[in-house]
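Here is a short tour of one protein model. Look at the chain first, then read on for its surface, its pocket, its charged pairs and its strands.

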Amino acid sequence: MTGNSQILPASVHVDWLRARLKGPDLHESQKTLAQLRGLFKDAAAHSALDPEQIVYRVRWWEPVPANTEAGLFWGVTEVEPGRVGDEYFMTRGHFHAKRDRAEYYGTVEGSGMLILMNEKRETRAEAMSPGSLHYIPGSTAHRVANTGESALVFWACWPSDAGHDYATIEAQGFGARMMDRCGLPTLVSEI
Ligand code: PAN
Ligand code: ZN
């Protein structure tokens, strides 16, 4: 065989202008309003909405098995525009199970807020707009709210051994919520 047998086509491609991932063996998940019961503050507003409404979709690539030490995953999340009462559609949010694992987010389309909370429950937000790059340090829970009128699309790159701890957020939430206040996205403390 010639040396060319070592040259393989890339298996996964990114449409950089729209961020979408294409390739075999990608993982996909989506969350509907029904699956996000209990996430939003206004339960009455939640039950008045179509339970089948999709809030967000994730497509991601695991080039190495989950929990592989020192590997990396790449994913793309699309959060639909919408609100439950005054609260913007958002992802569930999580700490990484291995607390010290960091992550990058990069915004491609739309506008939103990256909500970050440290282990002392101190909560802050970074504005997301096309091109914005966000470093999420270890020990920092992260959630994204779509504060715009169109889909919010961002890519993420995280360690393959990070894991996801959803239970802590399900039990305690974030220290603040991203709410529409007179048409402006506002971080409203839960305390
Ligand atoms: C992202 C998130 C994705 C969906 O890929 O998993 O945006 O949010 P939830 O996982 O909170 O539902 C990431 O942060 N990976 O680690
Ligand atoms: Zn993460």
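Tyr104, Leu133 and Tyr135 make a nonpolar surface patch of about 340 Å². Patches are built from residues with over 30% relative accessible area and no salt bridge; like charges are joined within 9 Å, and nonpolar side chains (Val, Leu, Ile, Met, Phe, Trp, Tyr) within 5 Å. Accessible areas come from the Shrake-Rupley method with a 1.4 Å probe, and for residues only the protein chains shown count as cover. Tyr135 belongs to strand S12, residues 133-136. Helices (H or I, at least four residues) and strands (E, at least two) are DSSP runs, numbered from the N terminus. With a relative accessible area of 46%, Tyr135 is partly exposed. Buried means under 20% relative accessible area, exposed means over 50%, and partly exposed lies in between (1.4 Å probe, protein chains only).

A word on the source. This is a predicted model: local features need pLDDT of at least 70, side-chain atom pairs count only at pLDDT 80 or more, and totals for chains, interfaces and linings use all residues. Residues are numbered from 1 along each chain as its sequence is written, chains are lettered from A and ligands numbered from 1 in the order in which they are written, and side-chain values use heavy atoms, with hydrogens and water left out.

**The largest pocket**

Rolling a probe the size of a water molecule over the atoms shows where empty space is left. How much space lies in the largest pocket? About 460 Å³. Its lining has 28 residues, and the closest to the pocket's centre are Val58, His94, Trp158, His164 and Tyr166. The elements that give two or more residues to this lining are S3, S4, S5, S9 (103-109), S13 (140-146) and S14 (152-159). S14 gives the most, with four residues.

The search runs on a 1 Å grid over the protein atoms alone. A cavity is a set of points where a 1.4 Å probe fits but cannot get out; a pocket is an open set with protein on both sides within 12 Å along at least five of seven lines. Lining residues have an atom within 4 Å of a point. Grid points are joined across faces, edges and corners, and a volume is the space filled by probe spheres set on the points.

**Paired strands**

Strand S3 (residues 27-32) pairs with strand S4 (residues 54-61) in the antiparallel sense, over six bridges. Two strands pair if DSSP finds at least two bridges between them. Gln30 stands opposite Arg57 in S4. S4 also runs antiparallel to strand S5 (residues 72-79), joined by six bridges. There, Tyr56 stands opposite Val79 in S5.

Trp61 is partly exposed, at 28% relative accessible area. Trp61 and Val84 are 23 residues apart along the chain, and their C-alpha atoms are separated by 30 Å. Ala156, in strand S14, is buried at 4% relative accessible area. Ala156 and Gly106 are 50 residues apart in sequence and 6.5 Å apart in space, C-alpha to C-alpha.

**Charged pairs**

Side chains of opposite charge can pair when their charged atoms come close. A salt bridge is a side-chain nitrogen of Lys or Arg within 4 Å of a carboxyl oxygen of Asp or Glu. The count comes to 14 salt bridges.

| Pair | Closest N and O atoms |
|---|---|
| Arg20 and Glu109 | 3.2 Å |
| Glu87 and Arg177 | 2.7 Å |
| Asp100 and Arg101 | 2.6 Å |

Salt bridges that share partners join Lys41, Glu87, Arg177 and Glu190 into one network. Glu87 and Arg177 are both buried. By contrast, Asp100 counts as exposed, at 54% relative accessibility.

**Positive phi**

Most residues other than glycine have a negative phi, and most peptide bonds are trans. Arg121 is not a glycine, yet has a positive phi of about 75°. Arg121 sits in the loop between strand S10 (112-118) and strand S11 (123-128), and is partly exposed at 29%. Ser139, also not a glycine, has a positive phi of about 55°. Ser139 lies in the loop between S12 and S13, and is partly exposed at 25%.
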